Amino acid sequence: MKVRVRCFATAREIVGTGELVIDLPEGSTLTQLFDQIQGQFPRLQGLAGSLLFSVNREYAPSDRRLVAEDEVALIPPVSGGTHV
Amino acid sequence: MFDITHQPLSIEPLVRAVTRPSSGAVASFLGVVREQTRGRRVLYLEYEAYREMAIPKMREIADEIRGKWKVDEIAMIHRIGHLEIGEASVAIAVSAPHRHQALAACAYAIDRLKEIVPIWKKEVWIDGEEWVGPGTCEHH
């Protein structure tokens, strides 16, 4: 099944785009979705502890099961700063 | 009136929008970009929103307010994009028959907005940058 993933702030900068389409096995949870995205974008690891998720524009717990066409968003409360 | 805009904000249109014949008080809040944050000198801020979720979350806050206080109307507008020091990032107005409800509801509105509305700001300093998002406490 395919889900849309909207990425904001730090997550958007790491992923390099505001929106991804991810193909997942039926019945996958948000945690499984995030693991898959993190496999592609290892720097997301730094957000893992603080990131919130929404599904179809409502906050959702990480064990939430997804269905095809869901719109997920990665909602980072705060990033690690980048000091130059 | 609940919106997210790239345009500069002023409080007067919100005050006009919420004032009803029953209103005895209008409380308003304007959040502005501060030069110093957590001991760093800010050059500018960049705001970003998940618009399709942020506006419904503003309406949800208004529903919470109506469950707690007797108010007439509530308006909230957040600006996004590039903001300079001294510019307004968020404007809120709440009207009510009496001042205590209006003041309490307005304070609640900005606190909840920072907690649950998916809007982020990137603080750009002279020597770095950082994203700050919903649920982040700022006590400085």
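The model is predicted: local features need pLDDT of at least 70, side-chain atom pairs count only at pLDDT 80 or more, and totals for chains, interfaces and linings use all residues. Residues are numbered from 1 along each chain as its sequence is written, chains are lettered from A and ligands numbered from 1 in the order in which they are written, and side-chain values use heavy atoms, with hydrogens and water left out.

**The interface**

- In chain B, 23 residues are in contact with 23 residues of chain A; contact means heavy atoms within 4.5 Å.
- The two chains bury about 1,800 Å² between them, 50% of it on carbon and sulfur atoms. Buried area is the accessible area (1.4 Å probe) that two parts lose on being put together, summed over both.
- B:Y50, B:W120 and B:W131 lose the most area in chain B to chain A, together 33% of what that side buries.
- The rule finds four salt bridges across the interface. A salt bridge is a side-chain nitrogen of Lys or Arg within 4 Å of a carboxyl oxygen of Asp or Glu.
- B:K122 and A:E13 meet in a salt bridge through their side chains (2.6 Å, N to O).
- On the side of chain B that touches chain A, β9(B) supplies the largest share, five residues. Strands are DSSP runs (E, at least two residues), numbered from the N terminus.

**Strand β8 of chain B**

- Seven of the seven residues of β8(B) are buried, so this strand is largely enclosed by the rest of the structure. Buried means under 20% relative accessible area (1.4 Å probe, protein chains only).
- Both faces are covered: B:I119, B:K121, B:E123 and B:W125 are buried on one side, and B:W120, B:K122 and B:V124 on the other.
- In a regular strand the side chains alternate between the two faces of the sheet.
- β4(B) and β8(B) run antiparallel, joined by seven bridges. Two strands pair if DSSP finds at least two bridges between them.
- β8(B) and β9(B) also run antiparallel, with five bridges. They form a hairpin with two residues between them.
- B:W125 has B:G128 in β9(B) as its bridge partner.

**Proline 76 of chain A**

- A:P76 lies in the loop between β5 (71-75) and β6 (82-83) of chain A.
- A:P76 has a relative accessible area of 1%, so it counts as buried.
- Beyond its neighbours within four places in sequence, A:P76 has contacts that include A:F8, A:L47, B:W120 and B:P134.
- A:P76 and A:R12 are 64 residues apart along the chain, and their C-alpha atoms are separated by 9.7 Å.

Technical notes: Helices (H or I, at least four residues) and strands (E, at least two) are DSSP runs, numbered from the N terminus. Buried means under 20% relative accessible area, exposed over 50%, partly exposed in between (1.4 Å probe, protein chains only).
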